[in-house]
Amino acid sequence: MVVFGIGINDASGPNFDTAIFRSRYLRLIDSVRAVNPDCAFVFITNNDSYKAVRGRRRRKRYVVNTNGAEARKVFYQLANETQGAVWDQFEIMGGLGSMEQWCKARLAQRDHVHFTIGGYQILGTMLGDAIIEAANCPISNYNIKHSRPNKTKEGNACYTTTPTATTTHPVRHKEPKAPFVRY
């Protein structure tokens, strides 16, 4: 299994092109498949981010980077094309504009792109919990056609998150629909 969690810097520039972004990922996927044709892929969407702009008097201020939402769509396309999975970090952290809340909580750096150690620890714990939960749920309980979890005999849906002390943080105001969307 290869987990791709790259691309935040690629999507930060003013000339971001989703076609180029996608083609670069496909080349990388092809390189991996050349060595391991049966490799499974997990794509971590880009986090929300801001862009630094210079205003009057050359003051730096930050504006929402809408490229993150566009990159997110590409990750879902790639997962669909490779029969991979997506861990939607963009949605988990709160969606467009949520990075400001992470900065205020001191979980993201002042550049409004990267996280602090505490922010990375929270996201890492959430990803780890999602991987463990997905590994413990039989694939037969997952409805691949509709990308929605099926109920098990006990009535629990696989691949959904249950907020716990390790996965819930006051900054995150949206609960993800599922930690992984499989194709």
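Predicted model: local features only at pLDDT ≥ 70, side-chain atom pairs only at ≥ 80, totals over all residues.
**Entry on aspartate 88.** I looked up its partner and found that aspartate 88 forms a salt bridge with arginine 72, with the closest N and O atoms 2.6 Å apart. Arginine 72 itself is partly exposed, with a relative accessible area of 25%. I reminded myself that side chains of opposite charge can pair when their charged atoms come close.

**Entry on the other salt bridges.** I found that the structure holds three salt bridges. In one of them glutamate 81 is joined to arginine 22, and the closest N and O atoms are 2.8 Å apart. Here too distant parts of the chain are linked, with glutamate 81 in helix 2 and arginine 22 in helix 1, 59 residues apart. I looked up the accessibility of both partners: glutamate 81 is partly exposed at 37%, and arginine 22 is partly exposed at 27%. Another salt bridge joins the side chains of glutamate 70 and lysine 73, at 3.4 Å from N to O. These two residues both lie in helix 2, three residues apart, which is about one turn of the helix. Glutamate 70 has a relative accessible area of 33% and lysine 73 one of 48%, so I noted each as partly exposed.

**Entry on helix 1.** I checked the length of helix 1 (residues 18-35): at 1.5 Å a residue its 18 residues should span 26 Å, and its end C-alpha atoms are 26 Å apart, which agrees. I then asked which residues of helix 1 are buried, and they are Phe21, Tyr25, Ile29 and Val32. Seen down the helix axis, these buried residues fall within an arc of 65°, so they line one face of helix 1. They pack against strand 1 (2-4), strand 2 (41-44) and helix 2, whereas Arg27, Asp30 and Ala34 are exposed on the other side. At the start of helix 1, I found a side-chain oxygen of aspartate 17 within 2.8 Å of the backbone nitrogen of alanine 19.

**Entry on threonine 82.** I finished with threonine 82, which lies in helix 2 (residues 67-82) and, at 7% relative accessibility, counts as buried. Leaving out residues up to four places away in sequence, I found that threonine 82 touches Ile29, Arg33, Phe41 and Phe43.

Notes:
Residues numbered from 1 in each chain as written. Heavy atoms only, no water. Helix = DSSP H or I, 4+ residues; strand = E, 2+ residues; numbered from the N terminus. Buried < 20%, exposed > 50% of the residue type's maximum accessible area, 1.4 Å probe, protein only. Contact = heavy atoms within 4.5 Å. Expected span 1.5 Å × (residues − 1). Arc of directions from axis to C-beta. Polar contact = N/O pair within 3.5 Å; in protein donor to acceptor, adjacent residues only side chain to side chain. Salt bridge = Lys/Arg side-chain N within 4 Å of Asp/Glu carboxyl O.
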